[in-house]
Amino acid sequence: MQRVGVFVCWCGSNIAGTVDVAAVAEALKNEPGVVFSTDYQYMCSQAGQDIIKNAIAEHNLTGIVVCSCSPRMHEATFRKTAAAAGLNPYMVEIANIREQCSWVHKDMLTGTEKAIILGKAAVAKVNLNTPLTPGESPVTKRALVIGGGIAGIQTALDIADAGFPVDIVEKQPTIGGKMAQLDKTFPTLDCAACILTPKMVDVAQNEKIRIFSYSEVEEVGGFVGNFDVKIKKKARFVKEDICTGCGACVEKCPMKKNPNEFNLGMDNRPAIYIPFAQAVPKVATIDPNACNMLKNGKCGLCARICAAGAIDYTQKDEIIEEKYGAIVVATGFNPISMEKFDEFAYNQSKDVITSLEFERLTNAAGPSAGKLIRPSDGKHPHTIVFVQCVGSRCDACAEKGKEYCSKICCMYTAKHAMLTRDKYPDTEVYVFYIDVRTPGKNFDEFYRRAVEEFGVKYIKGMVGKVTPEGDKLKVQASDLLSNKQLHIDADLVVLAAAIEPDKSARPLATMLTASMDTNDFFTEAHPKLRPVESPTAGVFLSGACQGPKDIPETVSQAGAAASKVIGLLAKDKLTGNPCIASSNELMCNGCSSCERVCPYGAITYVDKEFRMPDRTTKIRRVASVNPAVCQGCGACTVACPSGAMDLKGFANSQIIAEVDAICK
Amino acid sequence: MQKITKDQLVEKTVALLSDGTVSAVLGWSRGEFDYDITPAVFKTAEDLKENFVWNDFCGANFSKYLVAQTGKVEGKILVFLKPCDTYSFNQLLTEHRFDREKVYAVGIPCEGMADIAKVKEIVGDGIVSIEADGENLKVSTLYEDAPALVNAKDVMAERCVNCKSKKHVAYDELMGDDGEVIESNRFDEVARLEAMTPDERFAFWQNELSRCIRCNACRDACPACTCEKCVFDNPASSVENKAPANSFEEKMFHIIRAFHVAGRCTDCGECSRVCPQNIPLHLLNRKFIKDINEFYGEYQAGAEVGSRAPLVDYTTEDLEPGEVFDRGDKDA
Amino acid sequence: MQVKEYKPLIVAFCCNWCSYAGADLAGNNRLSYPADVKIIRVPCSCRVNPMFILRAFQRGADGVIICGCHPGDCHYTSGNYYTRRRMAALFSMLDFLGIEKERTRVEWVSAAEGAKFAATMNEFAETVASLGENKRLEDLRCKR
Amino acid sequence: MRKVSLDSINKVFAKISESNKLYLPVDGSDGVAVYTEWSEGKEWSNALNTVRSPKDFFFPQMENLMEFKTSGKNIELVDIRDEKEDFVIFGVRACDVRSFDILDRVFLSDPVDSFYASRREHGIIVSVACSKPSETCFCKTFGIDAANPDGDVTAWKTEDSVYFVANTEKGEAFMKKIEDLTEECDDSAVTAQKERIAKIMEKLPLADLSTDAFGGGKTDTFFNAPEWDELSQTCLGCGTCTFVCPTCQCYDIKDFNTGNGVIRYRCWDSCMYSEFTKMAHGNNRLSQKERFRQRFMHKLVYYPENNEGIFGCVGCGRCLAKCPISMNIVKVMKKIGGNKSE
């Protein structure tokens, strides 16, 4: 049996004005377990807290009920008071007789009656409280960033800057991501390489940062502060630490006709290659599907040429195991495939290209050395049609495309159109759009300049069909504002393809038990208040893996994610919320219902041997809650059919006791 | 009446037992009469030959027994599964309730099982023997000189009249041909009750549930109720009792029972089959199934292993609890 | 002896993060609602077990309302989505048994919606009062 | 012997109902007979028997024993035993009449169960002979004559009439009440009926079932019999057999917290339940096999051992009809007693 003390606060006249506090204290004196009951003007004041502390000592109290303002206001205060008097802070219950009683009821009699009932409910609950101690777990002071695009790079740099070691895992042979492929960036039109490559060099030179390029995350175990990660470092057949990146092998390699991924297949690269001049790490990689030596055992030219002796045809995939305290997901995006969009003739004509391909075509380091040409015949295009929202903002039921707005297309299309007109004033540039969306600093001004200064022809309406005819592309479209059908003979058509999360995100989310939305974007812990955290503790989100984003937004989210990681890694120990779920193994069926509703992946299963009632032993699968990960929502407790899963601090028995007390 | 014969099953089973594929067999054992058949674990060929039966009264669903029996037997246990039993089998696998590796599942087609109460309604009491005779059952009684011929369709158990599937969704080996999922009228009775006024429905259930004697047969026979410790047996749960104290407890017991299996119930109908008081308990389960189908899309528990039960799942577009009452005839 | 005026007893389960705070805000703004509404704080609306609801009716409650964050705003991301499904199923079942559907309700109330909290409680209390005492899920032993 | 025409039986019921509550089997909405309080319009069922036995009248499934009222920390004890009045149960079959004797030996032996005793004292039993026994009947095994049941009054129902004989003082008083409605008659019709029934009893499929192997002193013979494993292996552990059984008499005493106090009540318990007779140290019968064995050993060995050889079963056949897995005392007796009778 508990020894409960009841402390009724007047809150000046806030409570005492509508509630007869003395009567409440008197009535609660008779409740089971109550050994002391009193009232005071301001319980939260130093003097009030002293009353509580003294009563705890004097009456050997094991539980406290404070009838006062909302627990959201002073629960923490009174828990500290109890702790200071040597009582477990979770032996305190608050009866909210201000916000939910005295302030909403006008009549003294009614207010007093209700206050007594709320007090009784709190007493009934505290009678069933048990002392709770928050769990502690150590923190491994190292972060993992998955993805080496601008999001991953910025996050890693910020974390490293705070003094914590960071590893970047990038599946391509170099970091840099999509931004490295871009030409200029909106709205300032500075060149992407000029602002990105110095950051890439910073990463390479930072002692706190390790880069696992050409690598993928293979397995994730553990929990916040204590993740165990296996990383697969794919064999690149070049010793990374020895290769100087001189490029001699690349020049001499006889297997030259392989589509160049970096230029989206618009030109070729050899079997041994460095993706681009500023690659980090600047190390060659052998494409095993293209190399004659690896395929047929014939050639070996690169090994003979390499002065450093870096070529190693026997290299195998390597598994690296490392512990991390925090994980940042920065897996980015890809344009969707245009395969299904037959109406734009993407598959029929080389002169129908995506915006990213356009980006490479206009890039000085691209396949055409920055000269805008038609991919089919190398001629200069005169009429260029840009089509926006290809695969974005589609009907939910449409078979192709995405329901959401890809967000960045309006701005980069304006950029493309403007740059084209700037460099080639002889061109005619059309942009077909549904809406032009330009919220962002200096964005709308940018778009208006494209229209007003550079004479880009913006037409509200969708392109219905593109038909290649001779060396022209017949573009059939509608102009919604003038309600006219348009026919344009174009030389080049550029499709602003929707963007989607990288394909690697879904399996990664499963490994991390991080949740995703139906479009495979990672979901945030809270859409407004915790936008860079995943619901899974210790997993953070950076960049377009969480939703379509432009570069400034990505960089700011990357910084935000980094600051969350730094905040986590700065702690030596993590103290949990003790009001968490726990499973009674004797009653658990191992049915997985709880695991399925847990938003945090806090529940795992273990096979345990049990002594059965009939004296036999049986191995059973039972749930186990990770106290460091559980946030105490209680979804599992209701999903559990046997009642094996219960929530500390809000136990079934406690809530039922409150119900009973209220309904008496 | 049943297309597969008992002899075929015994032959197959004896072969699997003697070549060591299985070390025990969960099957039906003959009783005192032709209809009182008991589930049994057979371990020898002799026992099988002497006691195994397969006829129109082999209604028991064996899936649940696997939870306990797979732990008791060395090697594999053979289990006979009628189409409806295979759904329970899968659901239990989804919930990790037994080790699939320890089971050898033999699917057998089912033409529907007879309900002895319906037989007695037609031919009267004092049944001495029941034999299958083509489409009919030949029933001899103490009180009539000549045996009565009863069409098996006329005495089919309610759950078989409203059979949802003749298709086996799990087996290692199938005897005979597999059937199809059936468009049944199983929700008609639920719809009939839904069409009543609340007062009529209240009176209907008050009458039905007042007969409950809390024998727990519905729970203990239910293949979805495999809790290590049922809340109704657990004094700490606040709902435990050994008797239906009053009409509140009658209702509470059946609401909670049905809610705990909602989304997991395969509609096998064992609850109603075993109820000694003839309470149509399956209607409560079917109400949940019908609602879930209408609210969240068609879902058949046990149709596949590993599927996510609707009540441990969600979409952001789900209907609001207040909307369940005014959805009207949205399909009409 | 004066006949005591019938006042419905209403149990409101409020999630800690939105609705309980919404109720606090109603208090801050001095928005009144009947004293017959008694609030029980739960971490999330998904903590509310159907057993609690039946228990409240058994013990004499005339109405039970569950309040949580708006869908999409759950502090725990998905808790209220489960609440929504569970309660839809449960309420439909109670209705199937002929129990007045107006006695149970789910309402989403954010921390900023003090006015909505008070209005909801006023309206719900009125609805329940019009139904009269809960007879169909009462346990007479608790009224001795 | 007196008789009343079947057409006028409702007049008899009406007459009795004037002074006493009268309960008799009436077909419910599902067509199954249930003991129901008679009122105008209710018809005596033709069913052989009810699913729930009439033991409820003396030993109800749930019965409040006392109440504690609490207010704050004060506790007050309240006697909530209600005053009993005489009541009539009509149409009780021979097997069920015998079950009362079996219950009496438990509840009326020292210390007397005063709740049971008071109900028993106020109950008047009008039995009725069986005319169409079921294949599940085996009362003869326990020496019960279905054609000639005990009770305060014995009745026989023929095609057109109901015949009565009073056996006790209570029975005489009952007959007195309906004297005007009945007429004196000879017993030729009843004798013919008895002979007809006797013939049927011989033909019943379980007519040869014998108790010879069982009885007091046989604990050692059967307790460790290997057959228990096989018999119990698919038992679900539900309480159907015990709850439909007219002789099962186990109960649990529980407290219900009303919020304003505690009601202490007793309710039927089942030895098939895992929580049966759970004590501070835990359970004394841990496996379903042990619980299953307990039930049948009690009926066939322990009860006769303590009660001059009388078995704790009356052969009513309810468990045969209602067990979800069709396991029952007949199967147990045949399997386990078959090779042990000496």
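This is a predicted model: local features need pLDDT of at least 70, side-chain atom pairs count only at pLDDT 80 or more; totals for chains, interfaces and linings use all residues.
Q: Which strands make up the open sheet in chain A?
A: The order is E10-E7-E6-E18-E29, 5 strands with parallel pairing. Strands (E, at least two residues) and helices (H or I, at least four) are DSSP runs numbered from the N terminus. Two strands pair if DSSP finds at least two bridges between them.

Q: Which strands stand at the edges?
A: E10 (209-212) and E29 (539-541) of chain A. Each has a single partner strand, so one side of each lacks a neighbour in the sheet.

Q: And the twist?
A: It averages 20° from one strand to the next.

Q: How many bridges join E6 to E7 in chain A?
A: There are 4, between residues 143-146 and residues 166-169. A:Ile146 stands opposite A:Val169 in E7(A).

Q: What lies across E6, E18 and E29 of chain A?
A: Helix H16 (residues 551-569) of chain A does, running at about 170° to E18(A). Axes are lines fitted to C-alpha atoms, for helices over the stretch in contact, and angles run from 0 to 180 degrees between N-to-C directions.

Q: New topic. How many residues of chain A are in contact with chain C?
A: 39 residues of chain A, with 36 residues of chain C. Contact means C-beta atoms, placed from the backbone, within 7 Å.

Q: Which helix gives the most on the chain A side?
A: H19(A), with 7 residues. That side divides into 21 nonpolar, 11 polar and 7 charged residues. Ala, Val, Leu, Ile, Met, Phe, Trp, Tyr, Cys and Pro count as nonpolar, Asp, Glu, Lys and Arg as charged, and the others, Gly among them, as polar.

Q: Now chain C. At what angle do H1 and H4 pack?
A: H1 (residues 19-28) and H4 (residues 114-131) of chain C pack at about 90°, with axes 7 Å apart. H1(C) and H4(C) are therefore roughly perpendicular (65 to 115 degrees).

Q: Which residues of H4(C) meet H1(C)?
A: C:Gly114, C:Lys116, C:Phe117 and C:Ala118. By class, the contact has 5 nonpolar, 4 polar and 1 charged residues.

Terms used. Residues are numbered from 1 along each chain as its sequence is written. Chains are lettered from A and ligands numbered from 1 in the order in which they are written. Two residues are in contact if their C-beta atoms, placed from the backbone, lie within 7 Å. Angles under 35 degrees count as roughly parallel, over 145 as roughly antiparallel, 65 to 115 as roughly perpendicular and the rest as oblique.
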